[in-house]
2 protein chains.
Amino acid sequence: MFTKPTLILNERICRANIEFMLAKARKLGIELRPHFKTHQSIEVGKWFRDYGIGKIAVSSVPMAQYFASDGWIDITIAFPYVHQQAEEINALAKSINLQVLVSSIGNAKLLSKSIETHVEVYIEIDTGQYRSGLQIEDIETVNKTIEVIQSNPNTKFYGFLSHAGHSYNNQLNRIEQINSEATGKLNRLKKNYIEQFPNLKISYGDTPTSCACNQFDGIDELRPGNYAFFDMQQASNGICSTSNIAIALICPVVAVYPERSQAIIWGGAVHLTKDFYVDNQGNKSFGAVCKINPDYTWTKPIEGMYLESISQEHGLVRAQNCEAIRTLKEGDLIAVLPPHSCLTADKMGEFWVQGKGFISMMNHCK
Amino acid sequence: MFTKPTLILNERICRANIEFMLAKARKLGIELRPHFKTHQSIEVGKWFRDYGIGKIAVSSVPMAQYFASDGWIDITIAFPYVHQQAEEINALAKSINLQVLVSSIGNAKLLSKSIETHVEVYIEIDTGQYRSGLQIEDIETVNKTIEVIQSNPNTKFYGFLSHAGHSYNNQLNRIEQINSEATGKLNRLKKNYIEQFPNLKISYGDTPTSCACNQFDGIDELRPGNYAFFDMQQASNGICSTSNIAIALICPVVAVYPERSQAIIWGGAVHLTKDFYVDNQGNKSFGAVCKINPDYTWTKPIEGMYLESISQEHGLVRAQNCEAIRTLKEGDLIAVLPPHSCLTADKMGEFWVQGKGFISMMNHCK
C-alpha cells in the first residue's frame, strides 16, 4: 500500500492529546489558544473545533490566511510583525479578529505607519530565551512601544505575549524553574499595567511548560502547539510518553547489514528534517524505530534501535547487535517516530489517516 | 517585491558551476553524470543540457519519473533498490536507459524477483562511509550478488558504484586522502572483474572529491550534484569560494536588538532546514548573511555576521558588535547563504530567477 516514505497521523492519539490539554486548561481556568503551526492542516483544525476550540495561534500571515479560509475568526500571529506583509494583514483584519506582535521599537514604528484596519497588538516580551521580544526589565522601551502602538487609532494595545522557548530540551525540574521565573516576571509586568489597561491580556505557554507545570499566576491564555502530535524530543524529556506520539514516518527498509548491526531505510533529511534527540542510552538519535501493525498503527519503539544518521534520502538504523538488526528485512516497512514533529509534518506536507486517506496541509503538493 | 522568505537562484553563477565541472571532467577524460537531487528542477536541468550533458543521476524513482517526463533518457537512480517501487521501475525502464543499485544481497534478491523490463544494475560498494553498499573486501558477497543479478535475464550487471560521502565536511588534505583510498580500492575491484565483464563501469564522485582532486584512475564516470549551487559547507572547507554559491534565501528583517548585537529575521528551519557549518571564527552557523543589491544579486557575506540559531520560522542573526547589527533595520531584506543547498532547495520547492520569475521544482507548491 505505501510505496514511499509516508507520514501517518493516528487520529485517536491526536484527539486524546487535544482533549488532554483542553481539560488541563479548563481545570486551571486559563483560556487555551492552540498553536496550529505543528499540524498546519484545515482538517486537523476541525478536530480541535469538535471540542469547542475557537481561538488559535499561527506563525505567519500566510498561515493565518489559510485558517481564516476555513472560518477561524480569532487568530494570533505569534511571530514579529513583518512589514512586507502589511497589505495582507490589512486585508485579513477586515474579516477576523487578528492579533499581531511587535517585538522591537523599530518593528512597532513600521506597524504603526502601515496598519489601516483594526488589529489588536501584543508587545512580545523576552522572558529569558533571548530570541525575539523586548527585555522585560526595560520598562522605558515597553512604555515607548505602547505609545507608538497607541499613536495609530487602528492598532490597539492588547497585552503582552511571551514564548519561553528555553524550556525546550530540558528535564522536568529545569522546566518548572523556567516556568516559575517567566510567569513571575509576566505577572509583575501585568500588575504594573493593569490599572491603565484593565483588559490587558497575558498570552504565554509552550508544550513543555503547559504539560509539565501547574502554576500560571497572572496568565490569561496558554498557546502550546506541539502537544497535538508530540515527538521524541518531548518524550525523551518526560513531557509525554512515546504512546502519546501521534505521527510516524513509514519507511521502506532497503538494505540490512548484520555484520555491522546496521540497516538502510528510505527516509532521510528530506522527510524527517535534521533535528535529533538524545535517547535514554545517551545516543544522538534522528528517530525511534517501531514495527507497523496490520491496521497501520505502530508498536512501541524497539529497544536499542534508532536512526544513527540521516542524509538526503538515506536513514541509517543502528541496532544493539546483529540479531536485533536481523529482525528487519529488505522489503519491510517500518515506522519512525520523529525527533521534532513540527518540522517533519511541515516537510512532508500531508498526512495519511486510517479511514480517511490523505489529508492535506497548507503547503500540500503531490 | 519579495514579501516572504524566497529562494533566489543566480543563473549566471549556476551556469558557471555547470561549465566548470564539465570542463574538468573533459580534461580528465571521465564522463560526467551530474546528480540532479540538488536542484530537482526540469528548468535547471535544461541548463545542463545546453552544455551537452545527456546522462544524469537522481536519488529516487519519483525523481527519475519527473526528469524522464522532460526527455532525459539515461538515468541512474543512485539509491538502493526500493522493492515497493518495482512496478514504477518496470514501467519507466520501458522508455529509458535506467540504471539501478543493489546494495545488499537481500536487496539484490528482491530486485531479481521483481524486475520484468531490461534494467542495468550497479552493485553499490561502500568505500569507507559505512552507509550503504557491500564492503569492498567482501568478494564472496560481491560474487554472490553478481550471480543473483545474472539469474534474471532482465537485469544486467553493469558495474560498481560508490559514493565516498565521508569526504563531506573535511578539509582539502583529508579529502585527497579519502579519494586516493576510495579510487584505489575501486580500481583494484575493476581489475578483478574486467576480463569477465569487459564493459564494466565504475561510477563514483561527489562534489568534494570531484572539485578538489585530480586523480581518478579506473573511474569511468563522476556523479557530483551539489556543485551546481555549492553552499557554505563547501565554502567553509575550501571546495568553492562564497562567490560560487548560486542560491540565497531572501529574508525580511523583523526585529533588531543593538544591546545584544542580535536581530531576528523571518527565515528559519522551515526554509533553510537545520544543517549548519563552522565558520572561520569557529562559530556554528546556520547561514551567512549578505546584503542584497538592487538587481537581486547579493554581496559577499558580511564579516562576523551569521545565523546563530534558527527555530521554526525565526532566524537569530549575531553580529560582532552593536554597530554592526545597526546596519540592519526592521523592514530590510537580507540574503542568507545556506549551509546545505540541497536541503534548502528541496524545502523551498521553487526558485526565483532574475528575468524568469519563479521556476518550479519536482515538489513545487504555492
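## Two helices side by side

In chain B of this predicted model, helices α5(B) and α6(B) run roughly parallel to each other. Their axes come within 9 Å and cross at roughly 5°. Here the axes are lines fitted to C-alpha atoms, for helices over the stretch in contact, with angles running from 0 to 180 degrees between N-to-C directions. Angles under 35 degrees count as roughly parallel, those over 145 as roughly antiparallel, 65 to 115 as roughly perpendicular, and the rest as oblique. Helix α5 of chain B spans residues 105-114 and helix α6 of chain B residues 139-150; helices (H or I, at least four residues) and strands (E, at least two) are DSSP runs, numbered from the N terminus.

Which residues of α5(B) and α6(B) meet? From α5(B) come B:Ile105, B:Ala108, B:Lys109 and B:Ser112, and from α6(B) come B:Thr141, B:Lys144, B:Thr145, B:Val148 and B:Ile149. Two residues are in contact if their C-beta atoms, placed from the backbone, lie within 7 Å. The contact of α5(B) with α6(B) has four nonpolar, three polar and two charged residues. For these classes, Ala, Val, Leu, Ile, Met, Phe, Trp, Tyr, Cys and Pro count as nonpolar, Asp, Glu, Lys and Arg as charged, and the others, Gly among them, as polar.

Chain A has its own version of this pair: α5(A) and α6(A) pack at an angle of about 5°, with their axes 9 Å apart. That angle makes α5(A) roughly parallel to α6(A).

## How to read the model

Residues are numbered from 1 along each chain as its sequence is written, while chains are lettered from A and ligands numbered from 1 in the order in which they are written. As this is a predicted model, local features need pLDDT of at least 70 and side-chain atom pairs count only at pLDDT 80 or more, whereas totals for chains, interfaces and linings use all residues.

## Buried helix faces in chain B

Back in α5(B), the buried residues are B:Gly106, B:Asn107, B:Ala108, B:Leu110, B:Leu111 and B:Ser112. A residue is buried if 20 or more other C-beta atoms lie within 10 Å of its own, exposed if 12 or fewer, and partly exposed in between, with C-beta atoms placed from the backbone. The partners of the buried residues of α5(B) come from both chains: β11 of chain A, together with β4, β5, β6 (119-126), α6 and β8 (155-161) of chain B.

Helix α3 of chain B (residues 61-68) has B:Val61, B:Met63, B:Ala64, B:Tyr66 and B:Phe67 as its buried residues. Their cover includes α2 (42-50), β3 (56-58), β4 (74-80), α4 (86-92) and β5 (97-102) of chain B.

## How the two chains meet

In total, 51 residues of chain A are in contact with 50 residues of chain B. On the chain A side, β4 (74-80), α5 (105-114), β11 (247-257), β12 (262-266), α10 (269-272), β17 (314-318) and α12 (341-348) each supply at least two residues. The most comes from β11(A), with five residues. By class, this side of chain A has 21 nonpolar, 19 polar and eleven charged residues.

Chain A can be laid on chain B with an RMSD of 0.0 Å by a turn of 180° and a shift of 0.0 Å along the axis. The two copies are thus related as by a two-fold rotation axis; the superposition is by least squares on the C-alpha atoms of residues with pLDDT of at least 70 in both. Moreover, 98% of the interface residues of chain A are also interface residues in chain B, so the copies meet through the same surface.

## Two domains in chain A

Chain A is divided into domain 1 (11-233) and domain 2 (242-360), with bounds that come from an automatic or database domain assignment. The domain centres, taken over C-alpha atoms, are separated by 32 Å. Between them, 17 residues of domain 1 are in contact with 20 residues of domain 2. α1 (11-28) and α9 (232-236) each supply at least two residues of the domain 1 side, and α1(A) gives the most, with four residues.

## Loop residues worth a look

A:Ser41 is found in the loop between β2 (31-32) and α2 (42-50) of chain A. Is A:Ser41 buried or exposed? A:Ser41 is buried, with 24 other C-beta atoms within 10 Å. Not counting residues up to four places away in sequence, A:Ser41 touches A:Phe351, A:Ile359, A:Ser360 and A:Met361.

A:Ser261 is in the loop between β11 and β12 of chain A and counts as buried, with 20 C-beta neighbours inside 10 Å. B:Gln40 is in the loop between β2 (31-32) and α2 of chain B, and B:Gln40 also counts as buried, with 24 C-beta neighbours inside 10 Å.
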